[in-house]
Amino acid sequence: PSEETGRIFCMGFNSDPDKLRLLALPRIDYILDTADEKTIKLRQMLKDKAGDRKTILYAPTFRNNDTVRLEELCNAIDFERYLLVVSPHPLDIDNYRGAASCQDMDNLIIDSATDSFSWIKACDIIITDYSALGIEALVTEKPIYYDVYDVDTYIEEVGLNINVLEDMPNCTSRDAAELMDMVSKEYNYTEFRAFKNKYITADINNCTQKLAEFAVGLCVQSR
């Protein structure tokens with residue numbers, strides 16, 4: 001979290017900013033721990049399947065049963081250079097248009113059994129959209145891109161607190177082919193770090209311990 005995300009939450013919950021405490025989620029500890037057995041196994045599996053290719057994780061947000069446009073992304077990817085891993089939102093598993101044709105190419109893994117945060121640690125590049133994962137994954141310092149093909153509809157029907165088209169214009173596109181052209185070029189870490197510094201300012205070390213200590217402190221105060 002950061003002062004900016006805190007401002008957004010205070011507006012959403014009509015809360016006093018003086019009552020806000022910026023503490024990172026415990027799962028940040030898990031994302032930063034890349035030496036666990038699960039991640040090691042995933043990386044080895046990807047190495048065996050991808051060879052010298054880079055691995056791309058596509059982890060879109062929940063779309064309330066709207067079909068996820070996977071075929072367009074598959075058609076835009078150069079599979080001689082990349083292997084694609086798709087981590088569906090748990091509530092959207094059956095809504096992947098074009099999944100069958102992509103599977104025929106033998107260059108795609110669609111995995112709903114493994115959590116997205118494990119795939120974040122295992123893959124080289126991350127593509128998401130409006131998911132909170134697109135903020136949490138910033139701690140990995142891996143290249144992150146945003147595929148926002150339905151952004152206008154999403155803004156109208158759901159709404160956005162963070163507009164990546166404005167914050168990350170060189171890493172965001174409505175068009176899959178344009179997005180993959182961005183992926184093929186040198187990553188814009190200047191833009192990345194400005195984005196990260198805007199939305200992550202809390203200490204991301206020992207997040208679970210800090211949150212536990214804060215909760216225990218509140219319990220002691222309430223006695």
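Why is strand β1 (residues 54-58) largely enclosed by the rest of the structure?

1. Strand β1 is largely enclosed because four of its five residues are buried. Buried means under 20% relative accessible area, exposed over 50%, and partly exposed in between, with a 1.4 Å probe and protein chains only. Strands (E, at least two residues) and helices (H or I, at least four) are DSSP runs, numbered from the N terminus.

2. The model is predicted: local features need pLDDT of at least 70, side-chain atom pairs count only at pLDDT 80 or more, and totals for chains, interfaces and linings use all residues. Residues are numbered from 1 along each chain as its sequence is written, and side-chain values use heavy atoms, with hydrogens and water left out. The pLDDT is the predictor's confidence in each residue, from 0 to 100. Its average over the protein is 90, and 92% of the residues score at least 70.

3. Two strands pair if DSSP finds at least two bridges between them. Strand β1 runs parallel to strand β3 (residues 82-86), to which five bridges join it. With strand β6 (residues 125-128), β1 also pairs in the parallel sense, over three bridges. Tyr-58 has a bridge partner in each neighbour: Val-86 in β3 and Ile-127 in β6.

4. Strand β3 is mostly covered, with five of its five residues buried. On one side lie Tyr-82, Leu-84 and Val-86, and on the other Leu-83 and Val-85. Strand β3 is also joined to strand β5 (residues 108-110) by three bridges, and the two run parallel; there, Leu-84 has Leu-108 as its bridge partner.

5. Asp-147 is buried yet has no salt bridge, that is, a side-chain nitrogen of Lys or Arg within 4 Å of a carboxyl oxygen of Asp or Glu. The nearest side chain of opposite charge, Arg-69, is 6.1 Å away; Lys and Arg count as positive and Asp and Glu as negative, while His and the chain ends are not counted. Leaving aside neighbours within four places in sequence, Asp-147 is in contact (heavy atoms within 4.5 Å) with residues including Tyr-58, Ile-127 and Arg-174.
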